[in-house]
Amino acid sequence: MTRDSESEHDPGGFEAGAEVGEEYRSSSEHAFEEPVGPIIADQYLPIDVTDVVPELADPEVVAEIVAPTREIDAKVGEPLVELDNVSVKFGGLTALDSVTFTINRGEILGLIGPNGAGKTTCFNAMTGVYRPTSGTVTFDHQVMANLKRNQITRLGIARTFQNVRLFSEMTALENVVVGTDARHKTSVPGAIFRTPRHRHEERDAIDRGMALLEFVGIGARATEKARNLPYGDQRRLEIARALATEPKLLCLDEPAAGFNPAEKAALQDLIRKIRSDGYTVLLIEHDMRLVMGVTDRIVVLEFGKKIADGLPAEIRDNPAVIAAYLGVPDDASA
Amino acid sequence: MTSVAATTVPPPAPPVAVGDRLRLWWNSLSRPAHWAFAVPFIAFLAILPLWRPAFINTTAIDFGVVMAQFGMYALLAIGLNVVVGQAGLLDLGYVGFYAIGAYTVALATSPTSPWNITGDDGWLSRQWAWLALLPLAAAITAISGLLLGSPTLRLRGDYLAIVTLGFGEIVRLLAENLRDLTNGGAGLPRIAYPVIGESATNRGGIFSAGNAVAQPWMPNAGTWWFWVCLFLIIVVLLVVGNLERSRVGRAWVSIREDEDAAEIMGVPTFKFKLWAFVIGASIGGMSGALYAGQVQFVTPTNFNIINSVLFLCAVVLGGQGNKLGVILGAFIIVYLPYRLQSVEIGDESLGDYKYLFFGLALMVLMIFRPQGLLPVRQKLLTYGRELYVAARRRSRASDSEAAK
């Protein structure tokens, strides 16, 4: 059961998690209510999204604009990312040791493990921050090798950061538009002479940017500087910015860090909403209840090795996982 | 859920600063309305060296010449602002590009230079040589920016600053030591300038250094050069403004804010850093060409590293990233020392202490207003205006509701 790499959608595991999610919800209802605060010019000016793009009044239109439009070779349920014996070494330290697993298109895969297990390293090896020492990462039938980080983004992997890394002096909308720029082609000459393509891209970017902000629930704060947003909204903005690059795979690196239970429940809903809009999600997270509640399948790492791979319910009962997190009881080890 | 929101009484809003109100009002105006304010202001600036009100006029050096120098520094500040203010690349050798621009024109037109292509045996008429060489100077400095940038822009922060500092010195030392070419420390005299409007009293034309009338309402050479500068500043501002409100400007600001995050979000960082260097350099080169034409004489000492620091001072003082702010910064840097030269305390002229004052001013500014005199609020979207208008409408509505 430990190495059970069953990769189908599992409604059972999903349901089991959904119950856990309910627990969060009962504690507080108002996590993402707009905070009532002083209105300072340039700092807090809630705007009505429909003033700018009237079509966005309809949530279905929003979801449609946000949904991925690009061709993906892998069919739903087929492997989108395949890690084959990937190892990453830093000098003498083996951070990742022959890790093999797949992420299937359309699923939410959880990647968990105790501190220092190699989750973020695994993530960085996939997104091109580190090059694997050995092994290959295949993304949408293409072997990833010798790509620059911005090229990997354009290939279709987007990520958020463990510590929020927004462009703090830009407004929320401008942050998202930087994400949409990953698909744009205008360069200096086009911008100087304001070519038709430039104007077209700019108009599209605002429409898509506003739709994305509305989708993650912060449309009203589009004109605020990123650094003035509350922490929870900053995390949402990061997700919107990542989605703006039109990714085939969205990687969330501990998106719930520093969240209270109510915010975690809201995040859970958002992640589900993103999946049902057609995205594939990789979730790295410490919070077990969130992971159990939202993922379809979980991969567990410990000391750079994969120790389990399976449905959330299986992982919860897996003795190796329990040992990794809680240690082995004295009487059992004897 | 709604009941909670309705019963919560918002705390009273703190007073909105004058600057913020002004900015909101300005942002809500349409583009023609912006021009309606800008055109009279530009006209006022253009008339200033003719009008010469007593409290503004400088005595030690002709006010027209001071304004011409301000125009060149304003161009430099706009160019440096692209590199430092927008893309966040600390360039301490910017004077190098200024020097390359000036020496391009000087080498091509000074009779002392072996590369002189004007005059009787040259193929460029002295009358139009300067105008023809202005775009060439911009192009050559752009290439030099590309050459400096492609190896060095892999460096970040302090390392980049040190390498660019070295570049600035290298350019000056080349000008000093390539004696066969640049005539060393003796400099290159008699550089071409546009010869227009010759008359019996004005044998060199209106742009000649000989045109030095000091009466009010009579444009002298300095004033004419200032008008040329003003024209170029407007053109450059339009170009840089278009860039700022596009993918390019957003890439620059995202690199300034967090280079790694920008790259992971798909910004080709190296490419856009190089563009910032190239654009900044060509604007600096243009300013250098103006300088060579106006003074008609260049020597290496005009391009000391202290000038780089002065340009940077103008950018920081005015407000990094704000195009209009850095122009104000350039005005302060150029104008104040000349104005204060005629103010004497005891036997000392205040103008002699300019570096002391700039140092003090920078220290005070860094403590009380680190964002500069006119802090930046960049607009990075071509069609973002309607958003800000929508935001303003909402804030007004809530204001009036609160008043009831």
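Which elements of chain A have the lowest and the highest mean pLDDT? In this predicted model, helix α1 of chain A (residues 11-27) has the lowest value, at 40. Helix α9 of chain A (residues 231-244) has the highest, at 95. Across residues 1-43 of chain A the pLDDT stays below 50. For chain A as a whole, the mean pLDDT is 82. A value of 70 or more is reached by 85% of its residues.

Chain B has a mean pLDDT of 87, and 92% of its residues reach 70 or more. Among its elements, helix α1 of chain B (residues 2-7) has the lowest mean, 43. Helix α12 of chain B (residues 269-295) has the highest, 96. Residues 1-13 of chain B have a pLDDT below 50. That stretch has eleven contacts beyond near neighbours in sequence. For the complex, the predictor gives an ipTM of 0.86 and a pTM of 0.87.

An open sheet of six strands is found in chain A. The strand order is β6-β7-β8-β3-β9-β10, with mixed pairing. Strands β6 (157-159) and β10 (305-310) of chain A form the edges, and each pairs on one side only. From one strand to the next, the twist averages 20 degrees. Helix α13 of chain A (residues 319-326) lies across β9 (297-302) and β10 of chain A. Its direction is at about 130 degrees to β10(A).

Strand β7 of chain A (residues 249-253) is joined to β6(A) by three bridges, and the two run parallel. One bridge pairs A:Arg159 with A:Cys251 of β7(A). Five bridges join β7(A) to strand β8 of chain A (residues 280-284), again in parallel. Here A:Leu249 has A:Thr280 of β8(A) as its bridge partner. Between β7(A) and β8(A), the chain passes through helix α10 of chain A (residues 261-276). This β-α-β crossover is right-handed.

Strand β7(A) is mostly covered, with five of its five residues buried. A:Leu249, A:Cys251 and A:Asp253 point one way from the strand. A:Leu250 and A:Leu252 point the other way. Both sets are buried.

A:Arg105 sits in the loop between β2 (93-104) and β3 (108-112) of chain A. Is this residue buried or exposed? A:Arg105 counts as buried because 20 C-beta neighbours lie inside 10 Å, and 20 or more is the cut-off. Leaving aside neighbours within four places in sequence, A:Arg105 is in contact with A:Ile72, A:Ala74, A:Lys75, A:Val76, A:Gly77, A:Glu78, A:Leu80 and A:Thr280. A:Thr280 is also the bridge partner of A:Leu249. A:Val88 is 17 residues from A:Arg105 along the chain, and their C-alpha atoms are separated by 25 Å.

In chain B, helix α4 (residues 63-86) packs with helix α13 (residues 305-318). Their axes come within 9 Å and cross at roughly 75 degrees. The two helices are therefore roughly perpendicular, a class that spans 65 to 115 degrees. From α4(B), the contact is made by B:Tyr73, B:Leu76, B:Ala77, B:Leu80, B:Asn81, B:Val84 and B:Gly85. From α13(B), B:Phe311, B:Leu312, B:Ala314, B:Val315 and B:Gly318 take part.

Notes
Residues numbered from 1 in each chain as written. Chains lettered and ligands numbered in written order. Predicted model: local features only at pLDDT ≥ 70, side-chain atom pairs only at ≥ 80, totals over all residues. Pairing = 2+ DSSP bridges. Helix = DSSP H or I, 4+ residues; strand = E, 2+ residues; numbered from the N terminus. Axes fitted to C-alpha atoms, helices over the stretch in contact; angles between N-to-C directions. Contact = placed C-beta atoms within 7 Å. pLDDT = per-residue confidence, 0-100. Buried ≥ 20, exposed ≤ 12 C-beta atoms within 10 Å, placed from the backbone. Right-handed = clockwise from strand over helix to strand, strands pointing away. Parallel < 35°, antiparallel > 145°, perpendicular 65-115°, else oblique.
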